[in-house]
Amino acid sequence: MTVNNSEHKPYYTQRNNKLKSNGACNVTAMIAALCAAGYAVETLANEQYAQPEDALMRFILSDRRVDKVWHEVDPAGRIPPNEWHPVLAYGTNLYLRECGLLGEKENAVDWGEKRKVSEIVQVLKDGGAAVLSGVFVAQGKKTIGHVIAAVGYKSDNAGEITHFIIDDSWGDYRTEYANQNGNDIEMPFADFMRLCRSCNGDSKLAHLVRKALA
């Protein structure tokens with residue numbers, strides 16, 4: 001069985017981002033996940049930033065409400081706000097509300113540090129997506145803190161997950177990113193467990209992105 005919620009939907013690469021392209025995997029993965037989950041992410045763009053991932057980045061970097069949350073998490077401001085997962089989730093939900101894609105008290109993104117793999121599979125099964133960080137090898141060197149979107153999965157006849165389908169904004173990790181197309185990459189389950197960051201054993205650090213309401 002194959003579930004792919006990003007099938008026939010746009011692929012977002014951070015390589016052409018206007019803002020911080022080398023550090024935009026987080027917002028770009030979030031846009032990919034939102035798109036897979038059925039949100040009209042193109043409406044997030046504006047006259048200044050034609051790409052939704054740039055518009056989301058600018059909002060997170062400039063909104064005072066996001067800034068307040070950032071400094072609660074990181075008082076010294078050592079790490080940019082978009083690179084803090086709780087701030088990324090807060091800023092994304094806030095921007096979706098600002099753009100009319102969510103109700104006043106609704107959230108599309110739910111950040112958590114102890115996500116069971118079964119929770120991630122369930123949100124995919126329900127038509128949503130997930131955003132996860134991990135450690136990937138790029139041209140023989142480790143890339144720390146890279147962020148990807150899980151948009152689907154493949155399972156065998158017994159219902160066991162064999163692969164996760166990911167959208168990777170930097171390219172295909174299986175080629176150490178020599179191939180810059182990271183659309184709908186089939187990541188073996190073993191790679192998912194090894195490469196995506198864990199917390200307390202097999203639990204994953206992940207944003208769960210629920211399917212957009214009709």
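Tyr153 lies in strand E4, residues 141-155; strands here are DSSP runs marked E of at least two residues, helices are runs marked H or I of at least four, and both are numbered from the N terminus. The model is a predicted one, so local features need pLDDT of at least 70 and side-chain atom pairs count only at pLDDT 80 or more, while totals for chains, interfaces and linings use all residues. Residues are numbered from 1 along each chain as its sequence is written, and side-chain values use heavy atoms, with hydrogens and water left out.

Back to Tyr153. With a relative accessible area of 3%, Tyr153 is buried (buried means under 20% relative accessible area, exposed over 50% and partly exposed in between, using a 1.4 Å probe and protein chains only). Leaving aside residues up to four places away in sequence, Tyr153 touches Met1, Thr2, Val3, Val121, Leu124, Lys125, Ile161, His163, Phe164 and Ile165; touching, or contact, means heavy atoms within 4.5 Å. Glu53 is elsewhere: Tyr153 and Glu53 are 24 Å apart in space, C-alpha to C-alpha, and 100 residues apart in sequence.

Now the chain as a whole. There are 6 helices and 8 strands, and from the N terminus on they run β-α-α-α-α-β-α-β-β-β-β-α-β-β. The radius of gyration is 16 Å, close to the 17 Å that the globule rule gives for 214 residues, so the chain is as compact as a globular protein of that length. That radius is taken over C-alpha atoms, and the globule rule is 2.2 Å times the number of residues to the power 0.38. The C-alpha trace spans about 50 × 40 × 35 Å along its principal axes. Of the 214 residues, 51% count as buried. As for contacts between residues at least 6 apart in sequence, 62% of them join residues at least 24 apart.

Phe164, one of the residues that Tyr153 touches, also takes part in ring packing. The structure holds 4 aromatic pairs, where rings of Phe, Tyr and Trp (its six-membered ring) pair if their centres lie within 6.5 Å, and planes under 30 degrees apart count as stacked, over 60 as edge-to-face and the rest as tilted. Phe164 and Phe192 make a stacked pair, because their ring centres are 4.0 Å apart and their planes are at 25 degrees. This pair links distant parts of the chain, with Phe164 in strand E5 (residues 161-167) and Phe192 in helix H6 (residues 189-195), 28 residues apart. Phe164 counts as buried at 0% relative accessibility, and Phe192 is buried with a relative accessible area of 0% as well. Together with Phe189, these two form one aromatic cluster. The charged end of Lys204 sits over the ring of Phe192, 5.6 Å from its centre, and that of Arg15 sits over the ring of Trp170, 3.6 Å from its centre; the test is that NZ of Lys or CZ of Arg is within 6 Å of the ring centre and within 35 degrees of the ring normal.

Strand E5 pairs with E6 in the antiparallel sense over 4 bridges (two strands pair if DSSP finds at least two bridges between them). Ile165 stands opposite Glu186 in E6.

Strand E8, residues 203-209, is mostly covered, with 7 of its 7 residues buried. Ser203, Leu205, His207 and Val209 point one way, Lys204, Ala206 and Leu208 the other way, and all are buried. E8 runs antiparallel to E2 (residues 109-115), joined by 5 bridges, with Val109 opposite Val209. E3 (residues 129-138) and E8 pair in the antiparallel sense over 4 bridges, and Ala130 has Leu208 as its bridge partner. E7 and E8 form a hairpin with 3 residues between them, and Asn200 in the turn has a positive phi of about 55 degrees.

Helix H3, residues 64-73, has Val66, Val69 and Trp70 as its buried residues. They cover an arc of only 105 degrees around the axis, which puts them on the same side of H3; the arc is that of the directions from the helix axis to the C-beta atoms. Arg64, Lys68 and Glu72 are exposed on the other side of H3. Helix H2 (52-62) and helix H4 (85-98) are included in what covers the buried residues of H3.
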